[in-house]
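I am opening this notebook to record what I looked up, one entry at a time.

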Amino acid sequence: MKTVLVIITQANLTSLQVHESLSATMVLATFGCEVKVLLKDAALSLLHADLQFDAIKSAFKLASNMVDSFEFYDLSPIWVETHLQHNPWVKQSTQEIELIHLNADLIQSFDHVLYW
């Protein structure tokens, strides 16, 4: 079984790219890849599930709604780097989160790394 680390850095409401990244991640998980998802930088906003979509304010629907379904794709827990554990989105998240230290050894333990 192939192992894939998906590192997502795009914010919740900024572009269609985050939707495509999350969709591709779910497809990989559906078709037998062991996938781990690391949220970093602006992607931590994906943990903020209390937002309501407003078509007047945002061009794209909430990507955080897709993250809410991660448990059905065996994509939980979501990885977050340890130094970000005090981020408000991380602290208030209802998602299952695992704090990790991202280093070369961890990255090399995967067959593939996708960085979006």
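I call a residue buried when its relative accessible area is under 20%, exposed when over 50% and partly exposed in between (1.4 Å probe, protein chains only). With that settled, I looked up tryptophan 79 and found it buried, as is phenylalanine 110.

I noted that this is a predicted model, in which local features need pLDDT of at least 70 and side-chain atom pairs count only at pLDDT 80 or more, while totals for chains, interfaces and linings use all residues. Residues are numbered from 1 along each chain as its sequence is written, and side-chain values use heavy atoms, leaving out hydrogens and water.

Next I checked pLDDT, the predictor's confidence in each residue, from 0 to 100: the protein averages 85, and 83% of the residues score at least 70. Over residues 53-60 the value is below 50, and this stretch has 10 contacts in the model beyond near neighbours in sequence, a contact being heavy atoms within 4.5 Å.

Then I searched the whole structure for aromatic pairs (rings of Phe, Tyr and Trp, the last by its six-membered ring, with centres within 6.5 Å; planes under 30 degrees apart are stacked, over 60 edge-to-face, the rest tilted), and found 1. Tryptophan 79 and phenylalanine 110 form this edge-to-face pair, at 5.9 Å centre to centre and 75° between the planes.

Last, I looked up phenylalanine 70, which, leaving aside neighbours within four places in sequence, is in contact with Leu22, Met26, Val37, Leu75, Ser76 and Ile78.
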